[in-house]
Amino acid sequence: MAKKKDNTIIYKCSSCNYTQPRWLGRCPECGEWNSFVEHISDEKRTNLLTGVNSLVSRAKPIPLFSVNPMEGSRLSTGIDEFDRVLGGGAMKRSAILIGGEPGIGKSTLLLQATAKITEKFPSLRVLYVSGEESAAQIRARADRLGLTNSVKNGNIELLCTTRLTDIEAALDNVNPIFVVIDSIQTVYSSDAGIVPGTVNQLKFCANELISWVKERDSVMILSAHVTKEGQIAGPKSLEHMVDTVVSFEKNDEQVRFLRAQKNRFGSVDELGIFAMTETGLCPIEDPSSLFITRRTEEIPAGVASVPVFEGSRVFLVEIQALTVPAKASLSRVYSDKIDSARVSRVAAVLEKRVGLRFSDQDLYINVAGGVRLTESAIDAALAVALYSARTDLSVPEGTALVGELSLAGEIRPVNRLKQRIKAANTLGYSSVFAPEKEDGVVFVKDIKSLIKSIFQ
């Protein structure tokens, strides 16, 4: 016996909502002509408020030129560093997944964003859904963060539940412009089982919520748990389903880094920097102060500075290196802020082209401030830091280095060199070593000439 399909096609009058199993030219209820629109009736899902089957308009193709480009406009969260990471604000009709360690400040950031949005758009409503905390706990956090005035305007709706059906009913009833789901791992639906956090639950619930926001001029942010390795928990398809994936990192108890791992509507190179204070997460106005150590004495050996780009901003970052004799027959590289393979490659080039042995040394690499560096422009500074640590010779004060190191020992040019030089000069670096002939630059063509210019 053939299985009965759950979805059936019905026709609904756009004037009086009269439904009919087949299309009619004229509505028998209100008399309107050509008013019937095709819908899909899902027998499995019913509206909690009315108890009747939900109706979904059948998707039909439309001409591209008829699409209004303003439907993709952005919504500012009111937090500049957050907007920077999102590409200038959250794109409407988009879903954002934000992950981070427990206690890093995800809920604090999202609660601050809801308050800022209600201040900017007092006539619009936002919905904060929590499956982990009670309403009293969230209100206490809002008072602690100084958001009492934003709460009193009544535009922040709070829903503490883990049931998907309750969330969907609240979304249809409130119709918010900004939605926070904290967290997606706690949401469950009986259609996907009774245990929250499973692969089927995450995929099913996330798909239902994302489908809702795609049909409305709203923004939805899904908070997510992370594994011990720092990866977002759950199936990888969860990251594919959303439009933007943002990670929250920290280098100590005070500083937080916000970085986009995926962004369909902007760059993934921007870095948002916050300081955790008693009043919540506050953007850091001068990030360079985090990465450069101000010293009154001589610079120690193994330290080199490099101007790096993070999105549209230039930071001066201090790379620190330490070399010690290997405790075993095989040397190791200890580096979590710079890829260990890059460190090994730069050390191998130094050993081959300069004649300084590193194969019997354990290499320790650190970046002041805890920022993670990935661009190739740091190669020259990394090489000088390693050479300085191995020979115990200090880099002269006020020296910055920039350039990519090839396997042949050449120092290769990097992009946007003028902006890097300007940033270094602004922070008091008088000598900038680079592979291009520019004003205020000491030209170097290979690793040998670089080492000779600095240490001899």
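1. Leaving aside neighbours within four places in sequence, valine 245 is in contact (heavy atoms within 4.5 Å) with Leu97, Ile232, Glu239, Arg259, Ala260, Gln261 and Lys262. Valine 245 belongs to strand S12, residues 244-250. Its relative accessibility is 1%, so valine 245 counts as buried; buried means under 20% relative accessible area, exposed over 50% and partly exposed in between, with a 1.4 Å probe and protein chains only. Between the C-alpha atoms of valine 245 and alanine 135, which are 110 residues apart along the chain, the separation is 27 Å.

2. On the basis of the note: this is a predicted model, in which local features need pLDDT of at least 70 and side-chain atom pairs count only at pLDDT 80 or more, while totals for chains, interfaces and linings use all residues. Residues are numbered from 1 along each chain as its sequence is written, and side-chain values use heavy atoms, with hydrogens and water left out. Helices (H or I, at least four residues) and strands (E, at least two) are DSSP runs, numbered from the N terminus.

3. Helix H10 (residues 379-391) and helix H12 (residues 447-455) have axes that come within 11 Å and cross at roughly 55 degrees. Axes here are lines fitted to C-alpha atoms, for helices over the stretch in contact, and angles run from 0 to 180 degrees between N-to-C directions. H10 and H12 are therefore oblique to each other; angles under 35 degrees count as roughly parallel, over 145 as roughly antiparallel, 65 to 115 as roughly perpendicular and the rest as oblique.

4. From H10, the residues Ala380, Ala383, Val384, Tyr387 and Ser388 meet Ile447, Leu450, Ile451, Ile454 and Phe455 of H12. The residues of this contact of H10 with H12 comprise 9 nonpolar, 1 polar and no charged. For these classes, Ala, Val, Leu, Ile, Met, Phe, Trp, Tyr, Cys and Pro count as nonpolar, Asp, Glu, Lys and Arg as charged, and the others, Gly among them, as polar.

5. The whole structure contains 6 aromatic pairs. Rings of Phe, Tyr and Trp (its six-membered ring) pair if their centres lie within 6.5 Å; planes under 30 degrees apart count as stacked, over 60 as edge-to-face and the rest as tilted. Among the pairs is a tilted one between tyrosine 387 and phenylalanine 455, at 5.0 Å centre to centre with 40 degrees between the planes. Tyrosine 387 lies in helix H10 and phenylalanine 455 in helix H12, so this pair ties together parts that are 68 residues apart in sequence. Tyrosine 387 is buried at 11% relative accessibility, and phenylalanine 455 is buried at 16%. Phe257, Phe291 and Phe315 form one aromatic cluster.

6. The axes of H2 and helix H3 (residues 135-144) come within 11 Å and cross at roughly 70 degrees, which makes H2 roughly perpendicular to H3. Ser107, Thr108 and Leu111 of H2 meet Ile138, Arg141 and Ala142 of H3. The contact of H2 with H3 holds 3 nonpolar, 2 polar and 1 charged residues.

7. Threonine 114 also lies in helix H2, residues 106-120. Threonine 114 is buried, with a relative accessible area of 0%. Not counting residues up to four places away in sequence, threonine 114 touches Val126, Tyr128, Ile156, Phe178 and Val180.

8. Helix H5 (residues 164-174) and H6 pack at about 5 degrees, with their axes 11 Å apart; H5 and H6 are therefore roughly parallel. On the H5 side, the contact is made by Leu164, Ile167, Glu168, Leu171 and Asp172, and on the H6 side by Phe204, Cys205, Glu208, Leu209 and Trp212. The contact of H5 with H6 divides into 7 nonpolar, no polar and 3 charged residues.

9. Some backbone geometry deserves a look. Most residues other than glycine have a negative phi, and most peptide bonds are trans. A cis peptide bond joins aspartate 182 and serine 183, with omega about 5 degrees. Serine 183 is in the loop between strand S10 (178-182) and helix H6 (199-214).

10. Arginine 93, although not a glycine, has a positive phi of about 65 degrees. Its place is the loop between strand S6 (90-91) and strand S7 (94-100), and arginine 93 is partly exposed at 26% relative accessible area. Arginine 416 has a positive phi of about 50 degrees. Arginine 416 is found in the loop between strand S22 (411-412) and helix H11 (417-426) and is partly exposed, with a relative accessible area of 37%.
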